[in-house]
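Walk through this structure from the whole chain down to single residues. Keep the sequence and the coordinates open as you read.

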Amino acid sequence: MEFPKLSLPPKDYSLSDSLADKQQSATFAGKFYSVITAYQKEHSARLTYTNCDAQKQLKENACSTINAYYREMRCKIDEEMQAYILEHHGKIDSWSDSGGDTVLRYKQVVDAQFAFDYFGEDFAVTSSGKIARKSSKLIYQNCYRFPGTKEYLAAEEKRKQLKDRVKTEKNKGGRSSLLLSLIGFLYLLFNILFILGDMFFSCTGALDEFINSNMGIAFLAAMPYVLYSLILGIFGELSRDMFLFFTVILLGACLIGMLLCFFCFRNSSKNVKTLKQAKKELNRWIKSADYKKIVAENEELRKKNMDLAEQWHRAWYHWVCGIKDSAEEGWTEEVEVFKNALKELAEKTDFNALLKQKKE
């Protein structure tokens, strides 16, 4: 499908033409007003405040609320007007003034009116405490945001789901948990072997010598065996039964720890496999021909839509500025004509004669 080319109203399209066309809902001008009306029915610019807020704070909050509300309104206008242009194969049959006849106010809070103008500056509180636009001049604005094709949105939703799955599997514990559980298992296993080796074969003399000379390091490196040595030192010669009792408890604690490490290792191993599979599926989708094609087509269409939006926004802005300049020039000419006529009348009038006539 070939992307449409933009077709604009005639160069002599006037404000009176626009006022007539806006009464027709099927025109570009009429669509502009209907979009604004629909948006105001569905959305409100609610101002939140407290009775403790100072007047300046209330005014600043009002400006911030209105600016955000009008910003989103512009985005909705652009979305609908862009769709209108595409449905009409790029033809714009009319222009609309950028105001839209929308004026919002917060009577009970601040004494100010907020008139909407697509090309109007944001509202702010002046140094004198009044609410006004940051500039009285029109500024160019283009708030169009390309929504993306249905295929692209579906493809991105799938990519997001796969990415979320990878994140979820990472949070469950991956290679780090696997490594720690393996180290814990081997740590307890070797300590159990050291303890049993000393009990039945007395083959840990070198280890005992290392522990005695490096107690701090040995306590961390072979803590269960160090505890066993303490038990042996306390009960070994006094009570064989107490020695065996505490040693069995120690060995039981080590076995329970080994079992916990084993189950943790097994679960972590499953998580690692699941995470690896999730990453593989994500990469497979991102690198797939279908995904790349959808993204490329969407990007191409996005650029064309952005270019079209820029074209009609620029044309609309220039027309609105031209109408405003013409109105200001017309007003200036009328003022000049009135001033010249008044001056001419003053020159022709004999005020002394008028005063003398009035006295008589």
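Among contacts in the chain between residues at least 6 apart in sequence, 72% join residues at least 24 apart. Contact means heavy atoms within 4.5 Å. The model is predicted: local features need pLDDT of at least 70, side-chain atom pairs count only at pLDDT 80 or more, and totals for chains, interfaces and linings use all residues. Residues are numbered from 1 along each chain as its sequence is written, and side-chain values use heavy atoms, with hydrogens and water left out.

The chain has 11 helices and four strands. These are DSSP runs numbered from the N terminus: helices are H or I with at least four residues, strands are E with at least two. Of the 360 residues, 34% are buried. Buried means under 20% relative accessible area, exposed over 50%, and partly exposed in between, with a 1.4 Å probe and protein chains only. The accessible surface of the chain is about 23600 Å², and carbon and sulfur atoms hold 58% of that area. Areas come from the Shrake-Rupley method with a 1.4 Å probe; for residues, only the protein chains shown count as cover.

Take helix α2 next. Buried residues in α2 include Phe-28, Phe-32, Tyr-33 and Tyr-39.

Now the empty space. Rolling a probe the size of a water molecule over the atoms shows where such space is left. The search uses a 1 Å grid over the protein atoms alone. A cavity is a set of points where a 1.4 Å probe fits but cannot get out. A pocket is an open set with protein on both sides within 12 Å along at least five of seven lines. Lining residues have an atom within 4 Å of a point. Points are joined across faces, edges and corners, and a volume is the space filled by probe spheres set on them.

The largest pocket has a volume of about 600 Å³. Its lining has 22 residues, with Leu-86, Phe-146, Thr-149, Leu-301 and Asn-305 nearest the centre. α3, α4 (150–172) and α10 (289–348) each give two or more residues to this lining. The largest share, seven residues, comes from α10.

The second largest pocket holds about 180 Å³. Of its 15 lining residues, Ser-98, Asp-117, Leu-138, Val-320 and Lys-324 are closest to its centre. Here too α10 gives the most, with four residues.

How many cavities of 30 Å³ or more does a search of the whole structure find? One. The largest cavity holds about 30 Å³. Among its lining residues are Asn-67, Tyr-70, Arg-74 and Asp-117. Helix α3 gives the most to this lining, with three residues.

Arg-74 lies in α3. It counts as buried because its relative accessibility is 2%. Its contacts, leaving out residues up to four places away in sequence, are Phe-116, Asp-117, Tyr-118, Gly-120, Gln-141 and Cys-143.

Finish at His-89, in the loop between α3 (55–87) and β1 (103–105). Is His-89 buried or exposed? His-89 counts as exposed, because its relative accessibility is 64%. Its phi is near 55°, a positive value in a residue other than glycine. Most residues other than glycine have a negative phi.
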